[in-house]
Amino acid sequence: MAPLRKLDPFSRFFMKLYRGKHYEATPHTRLRLPLNECRVALITTAGFLLDGQPPFESGDCSYREIPNATQTQALINGHKSAAYDERGLETDPNLAFPLDRFKELETEGKIGSLNHRHFSFMGSITKPEALIEKTAPEVGHKLKTDGVDVAFLTPV
Amino acid sequence: MCNQSVGLIQRAVEAAGISTVSITLIEDITKKVKPPRALGVPYGFGHPLGEPNNLALQHAIIAEALALLEDKTPPPILKSSRQHDMLVDSNSSTNRIA
C-alpha cells in the first residue's frame, strides 16, 4: 500500500494542497448471502469505454455501462491522464477491470453470478460534487434494481 | 484522484443497499474517505491488480478483497494485501496522481 511519502514530489505537493473529502461515518450494508450465491457487479475508475460510446472529458463525473458479454480486449482506455504507465492496462484490461477473472470465479462457483452490466467511471475527478450527488447514487440505484448483492471496485 | 473517486462511488453504492469492497493504491486517501471495506495493495498507479496477465496474483488479490466482505469487524475495514512476493517482474513504477 502506498503512503503519501512514496509518491513523487509533484504528486505529494499536489496532494498536500488538495482538500480531499473527509468523512467520519461509513455506510454499511451487511453481506446477506454466501458469496457463492451473490450476484456481483464490477465498477472501475479506469475510464474504460466501448467503441461508439462518448469519450470522457477531463474531470468528467459521468459513467459508461459495460455489458457483461464484453470481450476485455474490446475495452478502450479512455482515461485522459498521463500520470501513470498505461501499457499494462492496454495489454491486460483485467489489471483495473477484472472481468475475465470474475468470469473464472463464476465458472468455478465461487461467486453466484455476474450482473448483466458493469460500470466505468473516470478517475481524475478533483471536483466530485456531481459524482457524490448524482452519478454514483444513480449507479447504486441501477445495481440495486438489477438485484446485485456485491460490487467490486478498482481504481487505476 | 482515482482512489478518492473509488471511495466516493463505493460509499454511494453501499448506501444503496449493496455490499461493496474496493482495492486502494493510496491508504492515506482511503482513511479519509472511509469506504466500508478496502484492500490496500503495494503496486503503482495503473496496476491495482498487480501485473498484466499474472492470473495467480490477480486471483490472490481478488480473493483477499472478497474475504473482507465476510469479515465480522465493523466497517470501515482497511487491510494491507499480503501478496507482496507474487510479482513476476518487480520493476517498481513511481506513483503519481491518477
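Why does Asn36(A) count as partly exposed? I counted C-beta neighbours: Asn36(A) has 13 inside 10 Å, so it counts as partly exposed. The cut-offs I used are 20 or more other C-beta atoms within 10 Å of a residue's own for buried, 12 or fewer for exposed, and partly exposed in between, with C-beta atoms placed from the backbone.

**Ground rules.** I am working on a predicted model, in which local features need pLDDT of at least 70, side-chain atom pairs count only at pLDDT 80 or more, and totals for chains, interfaces and linings use all residues. Residues are numbered from 1 along each chain as its sequence is written, and chains are lettered from A and ligands numbered from 1 in the order in which they are written.

**Asn36(A), continued.** I placed Asn36(A) in the loop between helix 1 (9-17) and strand 1 (39-44) of chain A. Helices (H or I, at least four residues) and strands (E, at least two) are DSSP runs, numbered from the N terminus. I then listed the contacts of Asn36(A), leaving aside neighbours within four places in sequence: Gly109(A), Lys110(A), Ile111(A) and Gly112(A). Two residues are in contact if their C-beta atoms, placed from the backbone, lie within 7 Å. From Asn36(A) to Gly109(A) I read 6.0 Å, C-alpha to C-alpha, across 73 residues of sequence.

**Chain A overall.** I found four helices and seven strands in chain A. Their order along the sequence is α-β-β-β-β-α-α-β-β-α-β. Of the 156 residues of chain A, 40% count as buried. I took the contacts in chain A between residues at least 6 apart in sequence, and 79% of them join residues at least 24 apart.

**Chain B overall.** Chain B has three helices and three strands, in the pattern α-β-α-β-α-β. Buried residues make up 60% of its 98 residues. For contacts in chain B between residues at least 6 apart in sequence, I noted that 59% join residues at least 24 apart.

**Helix 1 of chain B.** Helix 1 of chain B has 14 residues and reaches 20 Å from its first C-alpha to its last, close to the 20 Å expected at 1.5 Å a residue. The expected span is 1.5 Å times one less than the number of residues. I found 13 of the 14 residues of helix 1 of chain B buried. Just after this helix, Gly17(B) takes a positive phi of about 100 degrees.

**Strand 1 of chain B.** Six of the six residues in strand 1 of chain B are buried. I checked both faces: Ser19(B), Val21(B) and Ile23(B) are buried on one side, and Thr20(B), Ser22(B) and Thr24(B) on the other. Within chain B, strand 1 runs parallel to strand 2 (residues 37-40), joined by three bridges; Ser22(B) has Ala38(B) as its bridge partner there. Across the contact, strand 1 of chain B pairs with strand 7 (residues 150-154) of chain A in the parallel sense over four bridges. Opposite Val21(B) I found Phe152(A). Two strands pair if DSSP finds at least two bridges between them.

**Core.** I looked up the largest nonpolar core, which has 62 residues; Ala151(A), Ile9(B), Val13(B) and Ala65(B) touch the most other members. Helix 1 of chain B gives the most to this core, with six residues. Such a core is a set of buried Ala, Val, Leu, Ile, Met, Phe, Trp, Tyr and Cys residues joined through C-beta atoms within 7 Å. Beyond four places in sequence, Ala151(A) is in contact with Ala41(A), Ile43(A), Leu143(A), Val13(B), Ile18(B) and Thr20(B).

**Confidence.** The predictor gives the complex an ipTM of 0.90 and a pTM of 0.90. The mean pLDDT of chain B (the predictor's confidence in each residue, from 0 to 100) is 88, and 89% of the residues of chain B reach 70 or more. Over residues 92-98 of chain B, pLDDT stays under 50. Where pLDDT is low, the predicted coordinates should not be read in detail.
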